[in-house]
Amino acid sequence: MSIETNTTAQTTPPTVNGLPFVDAEEVHRRIDPDRARRLIEQALRDGFDPADDPARSHANAGSGHLLLMPSTLGDWVGVKVASVAPGNPELGLPRIQATYVLMDARTLTPRLFVDGVSLTSLRTPATSAVAADHLTAPEASRLVVFGNGPQAVEHTVAMAGIREFTDIRLVGRTPHKVRAAIEELAGRGVTVEAGTATDVAEADLVVCATSSADPLFDGSMVRDGACVVAIGSHEPDRRELDAALMGRSQVVVEERSAALRECGDVVIAIDEGTLTEDDLLGLAPLVRGEFSRRIDRPNVFKGSGMSWQDLAVAVGVAPTD
């Protein structure tokens, strides 16, 4: 499997216990959203099967829990260790922190430490953009994004890279946070205005990037042929999309068993009888052209994030020498 590594000019990174450490600023300098998308798609085109990825493991720890996410791609092995401490924001600290260790597959020798949060901020929208690029009409012009946090912002940037949208709306519950996100996007060259849930009715692409436990809008508003991307959680009891929308859509997931473990949009729709396990299609077959978008029904991509995606982007950060 050929994985694209980093060939851009690099600054000399600091070291941790003798190993280079690539911080968040350097990660974003080396990998832009479009390159992250190409790295994710390349891994699938080269034959990687997401079903081979180990399941994400959880462990209670201290005031929160730890996530352990290992993976292997070709000549590389990596693992992300993420901590989730719900009380951290009150202490002025991030709720989620993460570190990535990149190793060579032959000897399992650590080669590089990478800021894990920056990898997540790149790989999640990159994976969504891969799916959306295959499931959204080529002439799409209207984008609606639910959310006003970092993932909503990064998804807006990533989606603006796959289509020439002339109308982008951001929908959020807190007006000042929506305004802040719109200002940030303007600084990154993406023109956005505040929207409402009813904008879904005219959208070609809808992105849901929230922490909501309940559906964000009436799924009957989504037009046939439109694409909906939902990435808000990896918990089986939370969903952003209603069961009726899931039932009338072509549903694509990163990998079936992962979706059945972690994707509430899928799990709840199956429990409510509108969807079956056999209805779920994989992202890898979509990328490889084994099926395509539907125009007679909506197209839904539900992602929860998988370990191989972090590794695909981390390899792109690694130097070639």
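**Reading spaces and cores**

Mentor: About 60 Å³ is what the largest cavity holds, but let us begin with the largest pocket, where about 1600 Å³ of space lies; please keep in mind that this is a predicted model.

Trainee: Which residues are closest to the centre of the largest pocket?

Mentor: The lining of the largest pocket counts 44 residues, and Arg95, Ile96, Gln151, Ser211 and Gly232 are the closest to its centre. By class, this lining comprises 16 nonpolar, 20 polar and 8 charged residues. At least two lining residues come from each of β4 (64-73), β5 (76-84), β6 (96-104), α3 and α4 (150-160), and α3 gives the most, with 5 residues.

Trainee: Which residues of the largest nonpolar core touch the most other members?

Mentor: In soluble globular proteins, nonpolar side chains tend to be buried together. In this model the largest nonpolar core has 64 residues, of which Leu102, Leu143, Met159, Leu205, Val229 and Leu283 touch the most other members. Helix α3 contributes the largest share of this core, 8 residues. A second, separate core of 25 residues includes Val144, Phe146, Ala203 and Val251. As for leucine 143, beyond residues up to four places away in sequence, its contacts include Met159, Phe165, Leu205 and Val207.

Trainee: Is arginine 123 buried or exposed?

Mentor: Arginine 123, which lies in helix α3 (residues 116-135), has a relative accessible area of 4% and is therefore buried, the cut-off for that word being under 20%.

Trainee: What does the side chain of arginine 123 make a polar contact with?

Mentor: The side chain of aspartate 310 is one partner, at 3.1 Å, and a polar contact of 2.9 Å joins arginine 123 to the side chain of threonine 124. Leaving aside residues up to four places away in sequence, arginine 123 also touches residues including Ile40, Met69, Lys80, Gly305 and Met306. Leucine 311 is 188 residues from arginine 123 in sequence, yet their C-alpha atoms are 9.1 Å apart in space.

Technical notes. Residues are numbered from 1 along each chain as its sequence is written. This is a predicted model: local features need pLDDT of at least 70, side-chain atom pairs count only at pLDDT 80 or more; totals for chains, interfaces and linings use all residues. Side-chain values use heavy atoms; hydrogens and water are left out. Helices (H or I, at least four residues) and strands (E, at least two) are DSSP runs, numbered from the N terminus. Buried means under 20% relative accessible area, exposed over 50%, partly exposed in between (1.4 Å probe, protein chains only). Contact means heavy atoms within 4.5 Å. A polar contact is a pair of N or O atoms within 3.5 Å; within protein, one must be able to donate a hydrogen and the other to accept it, and residues adjacent in sequence count only if both atoms are side-chain atoms. On a 1 Å grid over the protein atoms alone, a cavity is a set of points where a 1.4 Å probe fits but cannot get out, and a pocket is an open set with protein on both sides within 12 Å along at least five of seven lines; lining residues have an atom within 4 Å of a point. Grid points are joined across faces, edges and corners, and a volume is the space filled by probe spheres set on the points. A nonpolar core is a set of buried Ala, Val, Leu, Ile, Met, Phe, Trp, Tyr and Cys residues joined through side-chain atoms within 4.5 Å. Ala, Val, Leu, Ile, Met, Phe, Trp, Tyr, Cys and Pro count as nonpolar, Asp, Glu, Lys and Arg as charged, and the others, Gly among them, as polar.
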